[in-house]
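The stops below can be followed in order.

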Amino acid sequence: MNFQRTPLQLAISLACISLSLPVWAEETPKASGENLDAVVIIGTNRSDITALESSAPVDVLSSEQLLNTGAQDLSGALTALSPSFSYPQSPQGAFAGSIAQGASLRGLASDQVLVLINGKRRHTSANVTRQGLVNGRGAAAVDLSLIPLTAIQRVEILRDGAAAQYGSDAIAGVINIVLKQAEDGGNIGYRFGGYDKGDGLQRKLSGWKGFSLPNDGFLTLSFDAGSQDPASDTNPDNRLFYRGSTSINTPLEQNNPNRTWRWGSGNVSDQYNFFANSEFGITSSLSAYGFASYGHKTTDAESFFDPPTALYNTFGSTAFARYPDGRVPITRYGLEDYSGTGGLRFDADDWGKFDLALSYGKNIVKSTDLNAINPSYGAASPSTIYTGKRAFDQTNLTLDWTRDFAKGVFYKPVTLSAGIAWRKENYKLTEGEPAGWQNGPLYFTTDPVTGRPLPGYYSGITNVDAASLDRRVLAAFLDAETHFTEKLSGGAAIRTEDYSDVGNATNGKLSLRFEATPTFATRATASTGYRAPSLVQSGFSSFSVQVVERPTGSGNWVEVPQRTLRADSPEAALLGGKALKPEKSLNLSLGFVWKPIERGSVTLDVFQIDIDDRVTLSDQLAENLVAPVFAGTQYSGIRSAAFYTNVADTRTRGFELTGQYLWELERYGRINFTGGFSKISTDITKLRDVGNIRGSQIVGRATQGLIEDGTPENKLVLAANWVYGNWSVNIAQRRYGEWTARNATNAALDQTFSPQWVTDLDASYKFNNKLRLSIGAINLFDTHPDKLKGTQLYGVPKYSITSPEGAQGAFYYTSLSYDL
């Protein structure tokens, strides 16, 4: 694909580059109400720290900035705004349809980022994928698609290791989502859009409303609800499909669009999310708060097209009767997610401030196979098969305390914070109905029509996979911050956590900030961290079977059982597997903040993150490795296996440059320019052998490539938002650097993809200060990543599933909203 930009794209890029960094001009007062350096609550316990005054890099993204991107959800908005954030838009195939749309920072895994809501830990998804997704393979992440953009007041991104402050999962950083706190007002809106090809239509109704409660309290309700049609950007499926029920030699039907298999986004038949946020005073020093959410999503994910002659489509004398034109197997995922948090804040004057909170969250994913068939059941096979449930829940009880002590020898008071936390987690796999995993009475008998054996059916959670795991965590932390002198500030934190299943860990963090001049400061942090393996990773188990002809053309069909083994299972132990250990990290960061003018700033941060015992899902080990190990044991039937392991250590290095400038145009409004650039590289520094199997076989070429080369080597984001009277125009430009997809077995088939430019445009006009009409485009110029080279599966996929923004091309939308 030729990525030479059009003259208009080039002009946009040059304009954004020239204006995203501060303009050297005479300073003028800020616009009324404008605050480019907001007070933050992430990364500090002080109440007077702004993002630019923090000793670690913090991005603050307002609700207006998020909405101006025109993105469908929070992940899309963060992709457009943050140079450190990545979110590959993977196709929603049968194994990916219910993947949590998680966050990835600094090129690390999506479960190495801690997500908070109003400063409280958010629960993760119950599901994982074995697909080769960058930063997502084998990870159980927080599903950001369940958080309506209308519910958000701002998002704070701490780009620094913070396990010593917030606990497990904060290796790459922390994302804190602050909910709206409105006691009046509201908005309701509708958005409609689709890809330029005419598919992937999206519809979304959203809104929020604020209510006043006694004692200066508030209740803010938010929601969104919508659906999404499937989208595809594939080659024609040129396989030969047969019709009819009497002969496999009837005329061929080629390139019939009703028979093609889509490699793109899944069909989201319905999704709706609700959030409530509230707080009110009880006495002058005691207040109560709470927030709650509910989310529902149904996704239909398509798998490979099976022609009517496929082995799985035939049974006995009724061969071809069920699906005479072949079938597209569909997995329907039904997701339910709910959470609630309640707490009390007490300001005890001389004793300090106390915060007691209790929260509970649960994520449930159920799967059902449609267009199904279990050949070994014969004509009695159901065509709809329930294939099981995955559930994860989390309960948190926390007590935090903060107090300022007299400054003594220091320039400012010492802010001392401490707290204790208790957490309980449960992960449960519930098996599906027997037709999904049980062999029927005709199992591997000879089909009288085709003369071939009738296989069983293996889908979803089997009776062998069903399990329930529990964990309890007890933690305590201590944190101190102060200004040692007028120019030098810093802090120290220590946290210890004890896990009922993986032991304990104690971690610390040191931070310093030196303000050399009123406009220039340096900052640095050093911290140790950890991430306990999620219960989803510790308890995940799956079973599948491939039916293959050996040798090809012989008519001899055999089943090849494949398993993903629990890491601590006896089967995995024979291969060298062990119970998972926590990941351990060392984070180092050095940067500067420059504010040459009042309304402009530049930051630069260089970092290194070393991770030992990184939790990784192994490759699917081949029969030649597995069979000799299992020979003579009760597991000798297993011909291929995978399991989670700690064999890899990694090192991530990079830097992040950000800039912002507010340009006042007086009677022509104002333009807010923002920009960022990140360059990140991850290397595997060690691969340990497991038993008699080399580490490079456990974590093979393809998985190594996801870790080392899957994230683009750099990312540039530029944006300009012009507000003039009732008009608002937002234009954004992103550039992704090169990235590489490695072939599992042959280095000659590796492919390095060219950089890609993506341009977004959103324009709106507000009528009578109430009604707003917006039109826009995401990927305005319809750019795509390079096409895949070489022979692909059935020749159908055009683009790699690791593309940084997917491959659907230009998306156009319009929206209408009304202020209440």
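Predicted model: local features only at pLDDT ≥ 70, side-chain atom pairs only at ≥ 80, totals over all residues.

**The largest core**

Start by selecting Leu66, Leu74, Leu78, Leu144, Val155, Ile175 and Ile177. Within the largest nonpolar core, which has 34 residues, these touch the most other members. Next, colour α3 (74-81), β4 (113-117), β6 (152-158), β7 (173-179) and β28 (600-617), each of which supplies at least two residues of this core. Which of them gives the largest share? It is α3, with four residues.

Now centre on Leu66. Leaving aside residues up to four places away in sequence, its contacts are Leu61, Leu74, Ala77, Leu78, Leu81, Leu149, Ile152 and Val155. In soluble globular proteins, nonpolar side chains tend to be buried together.

**Aromatic pairs**

Turn to the rings: the whole structure holds 17 aromatic pairs. Select Tyr443 and Phe444. Their ring centres are 5.5 Å apart and their planes meet at 55°, so this pair is tilted. Tyr443 is partly exposed, at 32% relative accessibility, and Phe444 is partly exposed at 29%.

Move on to Tyr499 and Tyr530, an edge-to-face pair with 6.4 Å between centres and 85° between planes. Tyr499 belongs to strand β22 (residues 488-499) and Tyr530 to strand β24 (residues 520-531); the pair links distant parts of the chain, 31 residues apart.

Then select Phe223, Tyr272, Phe274 and Tyr294, which ring pairs link into a cluster.

**Charges over rings**

Show Arg106 together with Phe607: Arg106 lies over the face of the Phe607 ring, 3.8 Å from its centre. Another such case is Lys209, which lies over the face of Phe211 at 4.9 Å from the ring centre.

**Leu535**

For the last stop, select Leu535 in helix α5 (residues 535-539). Leu535 has a relative accessible area of 1%; because buried means under 20%, it counts as buried. What does Leu535 touch, not counting residues up to four places away in sequence? The list is Phe392, Glu425, Asn426, Tyr427, Leu469, Asp470, Arg471 and Asp501. To finish, draw a line from the C-alpha of Leu535 to that of Asp470: the two are 7.7 Å apart in space and 65 residues apart in sequence.

How values were computed:
Residues numbered from 1 in each chain as written. Heavy atoms only, no water. Buried < 20%, exposed > 50% of the residue type's maximum accessible area, 1.4 Å probe, protein only. Contact = heavy atoms within 4.5 Å. Core = buried A, V, L, I, M, F, W, Y, C linked by side-chain atoms within 4.5 Å. Phe/Tyr/Trp six-rings, centres within 6.5 Å; stacked < 30°, edge-to-face > 60°. Lys NZ or Arg CZ within 6 Å of the ring centre and 35° of its normal.
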